[in-house]
Amino acid sequence: MQFKKISIYSLSLAIVLSSCSGKKEEEKTIYENKKFAQNKDHTVQLSDKQLQTVGVTTTMIQNRNMVKLVRLNGKAEIAPSHMSSVSSIMGGHIKSINVISGSHFKKGQVLAVVEDPQFIQLQQDYLVTKAQLESARLNLNRQKDLNTSKASSDKTLQTAQADYSTLNATLKGLEEKLRIIGINARGLSSGNIRSRISIHAPFSGFVSKITVNNGQYINPADTLFELIDPAGLLLELKVFENDVNDIKTGQEIAVYSNENPDLKLNAKIVSVVPSIENGGAAMAVAKLSSAHSEFVKGMYINAEVSISGRNTLGLPNESVVSFENRNYVFEDLGKGSYKMIPVTAGISDDQFTEILKADFLKDKKIVQKGAYSLLMMLKNKAE
């Protein structure tokens with residue numbers, strides 16, 4: 001029992017010491033950062049050996065025609081208008097399936113064949129009604145002749161007219177039903193009645209999903225295939241708040257995938273959703289200038305938007321260093337002495353960064369190569 005008390009006391013003491021140690025480390029970091037920030041001198045002196053090691057080079061503030069390059073990322077999606085769920089107009093058994101998931105198809109291609117006795121019955125009904133309509137037409141003409149000579153009553157003529165109209169409407173309805181299931185009623189005869197109908201592709205595209213199998217009985221409400229029309233591919237891109245005002249409908253952009261970043265395709269922004277979501281980003285929707293098999297639904301993609309340039313003052317990117325969310329450059333004071341100067345950075349491209357209100361930097365030698373090394377030396381000096 002006494003051993004347990006000692007163990008518990010030792011563990012508690014270790015926790016307290018660890019906590020104190022962690023607290024001291026945290027206080028030390030805060031102290032060092034404050035010490036760095038409060039160092040108003042912000043200069044660093046290099047020896048000849050250090051100068052040789054760092055290899056400092058200098059440049060001057062330059063007037064540049066700069067283009068802002070905004071980088072976006074997002075996913076490829078399909079517009080709802082270009083996704084289709086295919087079903088059969090009438091129920092039946094799946095006799096054959098002629099495609100597989102992911103396969104491409106042409107408009108009008110037979111995707112599946114459905115068989116059921118009701119297809120036979122529908123064709124029979126059409127042929128019987130067609131024959132009855134012809135008989136009703138002949139009877140109507142006969143009653144018209146008889147009524148003209150008063151050999152039959154008006155009521156008999158009216159009955160003949162009603163019978164003909166009813167059968168004609170029935171025939172038109174059956175003809176439309178046959179058209180919907182892919183049977184040409186005008187070419188139908190008792191010699192070519194069939195028990196099967198074909199399910200045709202409504203457009204060219206590829207199969208996203210197949211939800212049936214051979215022999216399965218399907219109802220008219222059952223989805224057989226989910227089809228995608230690649231022409232409806234859209235690129236949904238995140239636009240962060242600080243770039244929202246630069247992104248406009250109609251802008252040309254270059255897009256590429258993570259798997260093949262060297263292949264950049266042209267696209268155009270077709271809409272920008274005017275709202276900032278919880279993640280601090282709005283959404284821009286773009287469309288490829290031409291369909292390409294490189295991009296498929298659900299793929300992560302990147303985009304680059306070049307914003308119209310402007311003449312401005314700037315420095316090479318390596319001249320501008322950042323520390324604690326602030327930007328700095330180093331002025332060469334001569335004789336191995338360098339002074340860190342805070343600056344406000346604007347737009348940037350692959351080579352240069354804009355410096356706002358940069359007139360005070362004119363005629364000053366600004367470090368290009370070695371700026372980051374000087375920042376680390378200055379921080380170590382503060383510590």
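Predicted model: local features only at pLDDT ≥ 70, side-chain atom pairs only at ≥ 80, totals over all residues.
Helix α4 covers residues 154-180, 27 residues in all, and spans 39 Å from its first C-alpha to its last. That is close to the 39 Å expected at 1.5 Å a residue (the expected span is 1.5 Å times one less than the number of residues). Helices here are DSSP runs of H or I with at least four residues, strands are E runs of at least two, and both are numbered from the N terminus.

The buried residues of α4 are L157, A160, L167, L171, L174, E175 and L178 (buried means under 20% relative accessible area, with a 1.4 Å probe and protein chains only). Part of what covers them is α3, residues 117-148. Just after α4 comes G182, with a positive phi of about 90°.

Residues are numbered from 1 along each chain as its sequence is written, and side-chain values use heavy atoms, leaving out hydrogens and water.

The chain's mean pLDDT (the predictor's confidence in each residue, from 0 to 100) is 85, and 88% of residues reach 70 or more. Over residues 1-38, though, pLDDT is below 50, and this stretch has 13 contacts beyond near neighbours in sequence (contact means heavy atoms within 4.5 Å).

## The open sheet

Four strands line up as β8-β7-β5-β10 in an open sheet with antiparallel pairing (two strands pair if DSSP finds at least two bridges between them). β8 (196-200) and β10 (217-218) sit at the edges with a single partner strand each, so one side of each has no neighbour in the sheet.

β7, residues 110-115, pairs with β8 over five antiparallel bridges. Look for E115 opposite R196 in β8.

Notes
Buried < 20%, exposed > 50% of the residue type's maximum accessible area, 1.4 Å probe, protein only.
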